[in-house]
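Subject: Structure for you to look at

Hello,

Here is the structure I said I would pass on. Please open it first, then read the notes below with it on the screen.

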Amino acid sequence: MSRAEAAAEPLISSARASGDDDRRRDEGYDAEGEYSDMGDMGDVGDENALVSPGAFIWGLTVCAGVSGLLFGYDTGVISSTLISVDSDLSSRPLTTWDKSLITSCTSLFALLASPLTGLLADSWGRKKVILGADVLFVVGAVWQAVTGSVWGMIGGRSVVGLAVGSASFVVPLYISELSPSPFRGRLVTVSTLFITGGQVVAYIIGWLFSAHAHGWRWMVGLGALPAATQFLLLQFMPETPRWLAKANRKEEAKRVLLRVYGGGDDIKPLVNAVLRRVEKEIYEEEDAAGMRASSGAGEEKIGWKAKVARVHDHVGQLFAVGGNKRALTIACMLQAFQQLCGFNSLMYFSATIFAMVGFRSPTLTSLSIAVTNFLFTLVAFRAIDRVGRRRILLYSVPIMVIGLGLCSMAFISLDLPSQDASSVLDAVPNNEDKAWPLVILVAMVTYVAGYAIGMGNVPWQQSELFPLSVRSLGSGLATTTNWLSNFLIGITFLPMMVTITPTGTFALYSLFCLGGWFIVWKIYPETAGMGLEDVGELLKDGWGVDRSVKEFGLRRRDARQRERDREGT
Ligand SMILES: O[C@H]1[C@H](O)[C@@H](O)[C@H](O)[C@@H](O)[C@H]1O
């Protein structure tokens, strides 16, 4: 008997004694406990017939997306903050070491927060983790704005790191568990739109305030406003139907689903079908883990020992069950490649690079990076459900390789003084030719466009790869991989520019992109339009690439037919 079984044993007996078996039979389980009532899960259960997400789900996505804005703002604002602080902290100019610590503590604390809140989002619920992150965002923003010392600043940035680490995984998870399947990709991409939008806003605010004395305090403090607003909005937002069903709050789950799918009597069969699929998944997972009675007993009635045992079981399931291991591998790989392809070195240091290659207004030029990132995330938003996650990556990563390759070659021609390695970053190019800096700008914009269409957002679709029991933990761990790789890129970029030259640095990033492309081609199945409960089945016995691509083709063919029919009537 597993620890979870042992802990849940009293519940099992009492549930049985209270006629729980009868109730479960009514809900569609047969005497052996197999789920047999598939009822109207045929046509009416086909979400793909839906034409658009309703106003309710749009409202929730936008409200949840505010966390993305904060994520983008707080990571984007640091570059202009660092150049405007002067001697305001500890009454002395910032040293390189101060700057590195202030920048990297955010990713360090984000990577610590993600697995922890991955567990919390299971027991507290997704919404409470977003609420907690808002509190941390406000505390972190105010702390930074009023601090007088370098260590105070590091403290404030670390609190922001905890907030970013929690929000970055829980918001896509929240949206993903609420969305109807055909729009899931697009709605999750809204959170990336908020991130990239937040980065643009941060660049603009940074540029506006940097001319004012102590303006940096406003830059960092302003982050408190959207966080406080979201905290208030969250009071009116529901938990996800998947988490509610798992917590045995089935009626609430049903009410939320009804609103998600637009209400009305005609939608009830579809809602019932979705709910049954979710329940079936919960039932099978609990059956496999020997925890069936908990679904009849209610989450709130389980003591802390049983909860700890359940967490222990979930961790075990994530690493022992083949399908879960595959989901974790795909999610972590994608998150690692998203960062190791080097995009954030441009986000953090593009102004330094543009100054180095001779642009007169490097801060303004670097805005082109943030704006391109935002605009091409819009392209992804349009395409991700139609083209598919896998295909969008296979098409866009080569664009990144071309951009990086061109950039790498342009640096060879730029003729930077290299005799004194440590001066490369402050170098004024010997080259009188103005063409090469422009080539570098075009190459970087090309690279960023390719990144924003695919790598910048597809990895955040991670939650859909995991079954409900390990979804939160799996997404949390994949997010840790993201922040770890982000941290590595942040601390290695400047030293690499010096030691292996800019040409070598960008060539290395392009190698990571090629590796990423190959991995995607080999192991990433097409999940666009699949029911959240069906992905686990796909990964059960293998990567499911061929089958998923075929099924996606059929779904797209049906969707096109439906569009033609609608136009015809
Ligand atoms: O998806 C986001 C987005 O691409 C941001 O621009 C980037 O800074 C983040 O690291 C990434 O996770």
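Two residues are in contact if their C-beta atoms, placed from the backbone, lie within 7 Å. Keep that in mind for the helix pairs below. Also note that this is a predicted model.

Helix 8 and helix 18

By that rule, which residues of helix 8 meet helix 18? On the side of helix 8 they are Gly185, Arg186, Thr189, Val190, Thr192, Leu193, Thr196, Gly197, Gln199, Val200, Tyr203 and Trp207. Their partners in helix 18 are Thr363, Leu367, Ala370, Val371, Asn373, Phe374, Thr377, Leu378, Ala380, Phe381, Ile384 and Asp385. Sorted by class, the residues of this contact are 13 nonpolar, nine polar and two charged.

Helix 18 covers residues 362-387, and its axis and that of helix 8 come within 9 Å, crossing at roughly 165°. Helix 8 and helix 18 are therefore roughly antiparallel to each other, since angles over 145 degrees count as such. Their crossing is left-handed.

Helix 6 and helix 10

Another pair is helix 6 (residues 126-146) with helix 10 (residues 224-234), packed at an angle of about 155° with axes 8 Å apart. That angle makes helix 6 roughly antiparallel to helix 10. The two cross in a left-handed way. From helix 6, the contact uses Lys127, Ile130, Leu131, Asp134, Phe137, Val138, Ala141 and Val142. From helix 10 come Ala224, Ala227, Ala228, Gln230, Phe231 and Leu234. This contact has 11 nonpolar residues, one polar and two charged.

Helix 16 and helix 22

Helix 16 (residues 322-340) packs with helix 22 (residues 501-523) at about 160°, and the axes are 9 Å apart. Because of this angle, helix 16 is roughly antiparallel to helix 22. Here too the crossing is left-handed. Helix 16 brings Ile330, Met333, Phe337 and Leu340 to the contact, while helix 22 brings Phe512, Gly516, Ile519 and Ile523. Seven of these residues are nonpolar, one is polar and none is charged.

The two domains

How is the protein chain divided into domains? Domain 1 is made of 3-12, 38-49 and 240-316, and domain 2 of 55-238 and 321-523. Where they touch, domain 1 gives 17 residues and domain 2 gives 18 residues. On the side of domain 1, the elements with two or more residues in the contact are helix 11 (241-246), helix 12 (250-260), helix 13 (268-288) and helix 15 (304-320). Helix 15 gives the most, with four residues. This side of domain 1 divides into seven nonpolar, three polar and seven charged residues.

Regards

Terms used: Residues are numbered from 1 along each chain as its sequence is written. This is a predicted model: local features need pLDDT of at least 70, side-chain atom pairs count only at pLDDT 80 or more; totals for chains, interfaces and linings use all residues. Axes are lines fitted to C-alpha atoms, for helices over the stretch in contact, and angles run from 0 to 180 degrees between N-to-C directions. Angles under 35 degrees count as roughly parallel, over 145 as roughly antiparallel, 65 to 115 as roughly perpendicular and the rest as oblique. A crossing is left-handed if the near helix is turned anticlockwise from the far one by less than a right angle, and right-handed if clockwise. Ala, Val, Leu, Ile, Met, Phe, Trp, Tyr, Cys and Pro count as nonpolar, Asp, Glu, Lys and Arg as charged, and the others, Gly among them, as polar. Domain bounds come from an automatic or database domain assignment.
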